[in-house]
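Biologist: Please show the model, and then we can go through it by question and answer.

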Amino acid sequence: MKGILLVNLGSPDSPEPKDVKKYLGEFLMDERVIDVPLWARNLLVKGIILNTRPKASAAAYKKIWWEEGSPLIVISKRLQEKIQKQVETPVALAMRYGSMTIKKSMQELVDKGVSEILLFPLYPQFAMATTETILVLAEEIQKQYFPQVKLDSVKAFYNKPDYIKVLSNSIKKHLEGKDYDHLLFSYHGVPERHIKKRDITKSHCKIDGSCCITPSKAHEFCYRHQCLEVTRLVAKHLQLEDNSYSSSFQSRLGFDPWLQPYTDRTIERLGKEGIKNMAIVTPAFVSDCLETLEEIAMEGQEIFHEVGGKDFTTIPCLNDDEEFVDLLSNWINNWIN
Ligand SMILES: C=CC1=C(C)c2cc3[nH]c(cc4nc(cc5[nH]c(cc1n2)c(C)c5CCC(=O)O)C(CCC(=O)O)=C4C)c(C)c3C=C
Ligand SMILES: [Fe+2]
């Protein structure tokens, strides 16, 4: 029998500093997230970040935590339950980091008689720190614990026309009746180095204005191209006017150059340039989480108001939106049949 394993990033078990520290320790010690030699990662993560960041991160998590738990986990569970209703084969959910492990969920599927698993990373764009780390870990677990199971995986779906349509419809729905002057597409950032490392041509990527719009096979693994392409395709679908929208990258960590322009500076600049009503959408995340509910909806809004902006609309992620559930269920049903 075939089975589905949806995988999202994960969250701490609670918004208390000790749980946040444990979670950040696992997340940031991943060599595909902080991609420096082990000794340097130990020094940076265990010596510096874990001694400074958990308290502030925990305070941020407390602001967005729901009674049922972490928004990212609660929303992912709702999505899984809704998909399960439309799909006849077992659908499990795991997190790359934290206590809902890939191993436990694979075991759950195997216990139900599954012998072929479709691994479904819940990320529209490919990144070393998201899709790749899920694929690598899932393969390791499958080989070590479930060698009898066949593993298949879903690729980044950033440019699939039916995904663009569902995302565009959601944006349209949430902006209905709103008078906005600028729509900002804010994507989670990654260090520029990550993009260069995954340039399979070794020469295409310049991280400038032109490489991401010049066709190349490098784009299959280029997070920047895939983000900018989502913006372009949605803008085309919604017939947005030039200059009424732009893209930016949020959540940078550390001192290396990350993808630019940065979201916080972009919000500030737009406000200073006289944009009064802005809307912001975050298509790198399928579920609302700390980075959308706190960094954008709270911090972003504060920045905008400080520089004279008025109305700041945060468009929710696709979450468990009915059209999104139908879309994923259709893809899954096509794979099963
Ligand atoms: C597209 C999705 C994501 C990419 C790419 C990504 C890269 C990435 N992230 C960090 C560091 C942190 N990310 C944190 C939170 C966080 N990141 C994502 C998604 C992507 N990260 C999500 C969905 C979340 C929120 C999780 C939740 O529980 O709601 C955090 C923790 C919070 C904080 O302290 O700010 C860190 C740290 C790096 C270094 C990186 C790429 C190299
Ligand atoms: Fe992140």
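Modeller: K202 is exposed, with 8 other C-beta atoms within 10 Å; a residue is exposed at 12 or fewer such atoms, buried at 20 or more and partly exposed in between, with C-beta atoms placed from the backbone. This is a predicted model, in which local features need pLDDT of at least 70, side-chain atom pairs count only at pLDDT 80 or more, and totals for chains, interfaces and linings use all residues. Residues are numbered from 1 along each chain as its sequence is written, while chains are lettered from A and ligands numbered from 1 in the order in which they are written.

Biologist: What is phi of K202 near?

Modeller: K202 is found in the loop between α7 (192-197) and α8 (223-237); helices (H or I, at least four residues) and strands (E, at least two) are DSSP runs, numbered from the N terminus. Most residues other than glycine have a negative phi. K202 is a residue other than glycine with a positive value, near 70°.

Biologist: Is N243 buried or exposed?

Modeller: N243 lies in the loop between α8 and β6, and its phi is positive, near 70°. It has 8 C-beta neighbours inside 10 Å, so N243 counts as exposed.

Biologist: Which residues does the UniProt annotation "binding site" cover?

Modeller: The annotation comes from an unreviewed UniProt entry and covers H188 and E291. They span 104 residues in sequence, yet no two of their C-alpha atoms are more than 8.1 Å apart, so they gather at one spot. UniProt positions are given in the numbering used here, feature names are shortened, and annotations may be inferred rather than shown by experiment.

Biologist: Which residues does E291 touch, not counting residues up to four places away in sequence?

Modeller: E291 sits in helix α10 (residues 290-293) and is buried, with 22 other C-beta atoms within 10 Å. Contact requires C-beta atoms, placed from the backbone, to lie within 7 Å. With residues up to four places away in sequence left out, E291 touches H188, Q250, S251 and F285.

Biologist: In which strand is H188?

Modeller: H188 is buried, with 27 other C-beta atoms within 10 Å. Beyond its neighbours within four places in sequence, its contacts are Q250, S251, A284, F285 and E291. The strand holding H188 is β5 (residues 182-188).

Biologist: How far apart in space are D320 and R78, C-alpha to C-alpha?

Modeller: D320 is in the loop between β8 (311-314) and α12 (322-336), and counts as partly exposed with 19 C-beta neighbours inside 10 Å. Leaving out residues up to four places away in sequence, D320 touches I75, R78, L79, K82 and V325. D320 and R78 are 242 residues apart in sequence, and their C-alpha distance is 6.3 Å.

Biologist: Which residue is joined to P261 by a cis peptide bond?

Modeller: P261 lies in the loop between β6 (245-250) and α9 (263-272). Most peptide bonds are trans. The bond to P261 is cis, with omega about 0°, and the residue it joins to P261 is Q260.

Note on methods
Two residues are in contact if their C-beta atoms, placed from the backbone, lie within 7 Å.
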